[in-house]
Amino acid sequence: MANVFARQSSRLLAGLGLSLAALGLSGEALAADTFNEPRPFEAKYRLEVRGWPGATITHRLTKEDSHWLSDMRFSITVARGQEFSRFAINGDETQALLFNSSYSVLGVGDSYQLNESDIPSLDRQTALFDLSRRAGHENCTEIAPCEIEFVDQKGRDEHFQYYVNETNDNAPDTIRVPAGEFEALQVSLIDIEKPDRLLQLHFHPDWPGLILSAVYQKEGSRETQLTLTNFNPAGGTTP
């Protein structure tokens, strides 16, 4: 059971298991408009894993000199975990520089670190930022999804497909969560090797890296859920 919790919570804690690499996009090219610039923030999420007590995840996106740091961590009575990634931004491109992941369940755990040379694409924490920044700027549909390649915490290649769920008028949808009501883009991700797994995320279109909600399903049953409960932009106003 401890290992089950570690795997499930780590999947969401890790930027929800996804990385966009140099994107290996199939299908249509990127739209001409420029991606949104990152802005620092602190967010709190409610993490619910089936069969385990709920936990609070703290997520910080901060600027450090010429690079950015995305840090997620949680702690409950029986488990704790943290993942962070340093990455650089060059126009519309994201470059992973360092990734670190650690967890402990009932006093037993492990830790991993990937340096820039270990990350041929993007790490999964950087991918959270990159995917949220790109979502809505590409013609990735359910009929013609985009290909995603990334590395997990051990540097192993993973392969996903993703698409943006379209609204009737192609405008951002709205979603209400404990932190308030926000504009949202819904993105669906499918593990190519395990098509019975589905991850659906809601991102805010103007705040790269900010998750509004996420649901991970296995064989049609909800395994893990993440919901935004508090959002504090640094030096700005809440959208």
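**View 1. His59 in strand β2 and the side chains around it.** In this predicted model, His59 is found in strand β2, which covers residues 55-64. With a relative accessibility of 1%, His59 counts as buried, because buried means under 20% relative accessible area. The side chain of His59 makes a polar contact of 2.9 Å with the side chain of Tyr45, and another polar contact, of 3.2 Å, links the side chain of His59 to that of Ser70. Leaving aside neighbours within four places in sequence, the residues in contact with His59 include Phe41, Glu42, Ala43, Asp71 and Met72, and Gln125, Leu128 and Gly209 are also among them.

**View 2. Gly209 in the loop between β11 and β12.** Strand β11 spans residues 194-203 and strand β12 spans residues 211-218, and Gly209 lies in the loop between them. The relative accessibility of Gly209 is 4%, so this glycine counts as buried. Not counting residues up to four places away in sequence, Gly209 touches Phe41, Tyr45, His59, Leu128, Phe129 and Ser132. Gly209 and Ala127 are 82 residues apart in sequence, yet their C-alpha atoms are 8.9 Å apart in space.

**View 3. Helix α2 and its two ends.** Helix α2 runs over residues 124-134 and is mostly covered, since eleven of its eleven residues are buried. Among these buried residues are Leu128, Phe129 and Leu131, and also Arg124, Asp130, Arg133 and Arg134. Just after α2 comes Gly136, which takes a positive phi of about 90 degrees.

**View 4. The disulfide between Cys140 and Cys146.** The model has one disulfide by the distance rule used here, and this disulfide joins Cys140 to Cys146 with an S to S distance of 1.8 Å. The torsion about the S-S bond is about -75 degrees, so the disulfide of Cys140 and Cys146 is left-handed. Cys140 is buried, with a relative accessible area of 3%, and Cys146 is buried as well, with a relative accessible area of 0%.

**View 5. Residues 1-32 and the confidence of the prediction.** For the chain the mean pLDDT is 80, and 82% of the residues reach 70 or more. Over residues 1-32, however, the pLDDT is below 50, although this stretch has 106 contacts in the model beyond near neighbours in sequence.

Terms used
Residues numbered from 1 in each chain as written. Heavy atoms only, no water. pLDDT = per-residue confidence, 0-100. Contact = heavy atoms within 4.5 Å. Helix = DSSP H or I, 4+ residues; strand = E, 2+ residues; numbered from the N terminus. Buried < 20%, exposed > 50% of the residue type's maximum accessible area, 1.4 Å probe, protein only. Disulfide = S-S within 2.5 Å. Polar contact = N/O pair within 3.5 Å; in protein donor to acceptor, adjacent residues only side chain to side chain.
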